[in-house]
Amino acid sequence: MTTDVQAPAPARAPARASARPPAPDPTDRRARALTRAVVALCTAAITVEGFDLIVYGVAMPSMLADPGLGLDKSLAGTLGSLVYLGMLIGAVVCGPLADRLGRRRLVLASGVIFTLFTVGCAVAATPWQFGLFRLLAGIGMGGVMPSCVALAKEYAPRGRSALVATVVLAGVPVGGVLAALTAAAWGGALGWRGLFGVGAALSTLVFAGAYALLPDSRPAAADAPGPRATASTASAGGPGSGAGLASGGPAAEAKNPSPARSVLSDGRARTTVLFVVANFAVLLAWYGLNTWLTQLMREMDYPLGSALQFTLVLNLGAVIGSFAIAAVADRIGPRFVTIGSAALSAVAVVGLSLGGNTVVVLCLTALAGVGAHSSLTVLNDWVASSYPASIRATALGYVSGFGRGGAIVAPLLGGWILTASLGPTTVFYVFAASAALSAAALLAIPSRRA
């Protein structure tokens with residue numbers, strides 16, 4: 001009898017052991033190195049994307065002066081918007097594909113697409129050819145961002161997700177800095193075609209490195225970011241079923257048949273829509289400035305060298321300031337940081353419309369870059385933290401994809417306003433109002449998790 005009473009004890013011991021925190025991992029140093037490598041490769045991918053995006057703005061004065069293209073400001077705005085239309089398509093299509101097929105595959109495939117068509121932009125003979133190649137390059141660019149953010153977040157140390165998202169998405173303004181520096185140093189010799197060629201060459205190098213070194217999602221990608229993820233894992237078969245949920249296995253499909261449907265279910269619809277509106281508005285302000293700032297400052301009688309400085313400072317401010325703001329977001333959460341950043345951008349852009357002393361305007365330009373880009377980066381971390389891992393890339397793809405409508409509209413608006421002779425001040429007012437709308441939409445998002 002004594003043996004019968006004591007026999008169950010060994011069976012309970014493994015259960016207790018499995019509930020304890022895992023022992024320290026002897027390969028922890030290797031894991032940290034892998035995390036750094038993933039973040040560095042994803043950042044590099046976003047950097048070359050940023051170069052290829054923003055190079056259009058710094059190349060625009062040269063393109064407008066090229067008689068072979070025959071561009072006016074309205075047509076230049078239309079061509080500038082096509083890359084963002086492509087990014088919308090790419091993000092919406094590739095976000096769900098990344099959840100199903102793996103982040104690595106989508107990063108590489110998307111990178112190859114936008115590299116090839118950036119080469120096409122460099123050799124385009126007519127405006128319609130350039131526009132077609134920009135559209136197709138944008139599809140590839142749209143696939144890179146959600147896959148890189150989702151992959152880097154999976155490797156991020158606990159409590160550093162906002163910082164990791166900021167590091168990765170800082171690649172966009174870093175690419176803008178490189179584009180502005182390249183144009184300032186060698187733009188005259190390279191011409192606008194050479195600037196696009198430099199972007200294609202950098203992209204080739206980065207994605208060749210990613211092909212050799214970039215891993216895919218962690219096996220335990222279903223990292224239970226919140227109560228819903230835990231519940232889904234439990235209902236799918238307990239602790240051993242986490243990988244099945246992340247990979248879209250049968251049990252996960254029974255609970256959650258479609259990632260696309262899931263971002264609008266379980267009370268997430270309002271939050272998802274508000275995220276889209278906020279992203280739309282701040283993207284309109286951010287990419288509007290990056291597309292038109294050089295030309296706007298020339299319209300305000302600043303010489304070309306100074307006008308290029310403004311684009312450089314806009315992106316430098318975005319890079320440097322966003323790290324400080326991300327550190328605050330990791331301490332107090334993304335909500336008020338994102339709202340405050342969008343409001344800062346709105347105020348700074350109103351100040352830009354006044355012109356005046358170059359030093360003061362450069363400082364306002366830096367603040368506009370800090371606010372607009374920081375609200376974008378922390379917004380992406382807020383989105384990524386608001387959805388389970390199994391639909392995270394889908395949520396990021398939808399928010400960034402449909403939000404890309406703002407980036408599509410921004411070049412068009414600038415071209416229409418300038419063609420109508422309403423002046424650069426009106427363009428600045430429109431971008432400032434858009435940043436303010438972003439802050440208002442973010443303020444309306446419920447403070448609980450989506």
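The model is predicted: local features need pLDDT of at least 70, side-chain atom pairs count only at pLDDT 80 or more, and totals for chains, interfaces and linings use all residues. Residues are numbered from 1 along each chain as its sequence is written, and side-chain values use heavy atoms, with hydrogens and water left out.

**Stop one: Thr118**

Select Thr118. It is found in helix H5, residues 103-123. Helices here are DSSP runs (H or I, at least four residues), numbered from the N terminus. Thr118 counts as buried because its relative accessibility is 1%; buried means under 20% relative accessible area, with a 1.4 Å probe and protein chains only. Now show the backbone oxygen of Phe114. The side chain of Thr118 reaches that oxygen at 2.7 Å.

**Stop two: the aromatic rings**

Rings of Phe, Tyr and Trp (its six-membered ring) pair if their centres lie within 6.5 Å; planes under 30 degrees apart count as stacked, over 60 as edge-to-face and the rest as tilted. By this rule the count comes to nine aromatic pairs. Select Phe130 and Trp192. Their ring centres are 5.9 Å apart and their planes stand at 80°, so the pair is edge-to-face. This pair links distant parts of the chain: Phe130 is in helix H6 (residues 127-155) and Trp192 in helix H8 (residues 171-213), 62 residues apart. Trp192 counts as buried, at 4% relative accessibility.

Phe196 lies in helix H8, 66 residues from Phe130 in helix H6. Both Phe130 and Phe196 are buried.

**Stop three: the largest cavity**

A cavity is a set of points on a 1 Å grid over the protein atoms alone, where a 1.4 Å probe fits but cannot get out; lining residues have an atom within 4 Å of a point. Grid points are joined across faces, edges and corners, and a volume is the space filled by probe spheres set on the points. The largest cavity has a volume of about 130 Å³. Select Leu169, Tyr287, Leu376, Asn380 and Arg404: of the 13 residues that line the largest cavity, these are the closest to its centre. Then colour helix H13 (269-299), helix H16 (358-385) and helix H17 (392-419), the elements that give two or more residues to the lining.

How values were computed:
Buried means under 20% relative accessible area, exposed over 50%, partly exposed in between (1.4 Å probe, protein chains only). A polar contact is a pair of N or O atoms within 3.5 Å; within protein, one must be able to donate a hydrogen and the other to accept it, and residues adjacent in sequence count only if both atoms are side-chain atoms. On a 1 Å grid over the protein atoms alone, a cavity is a set of points where a 1.4 Å probe fits but cannot get out, and a pocket is an open set with protein on both sides within 12 Å along at least five of seven lines; lining residues have an atom within 4 Å of a point.
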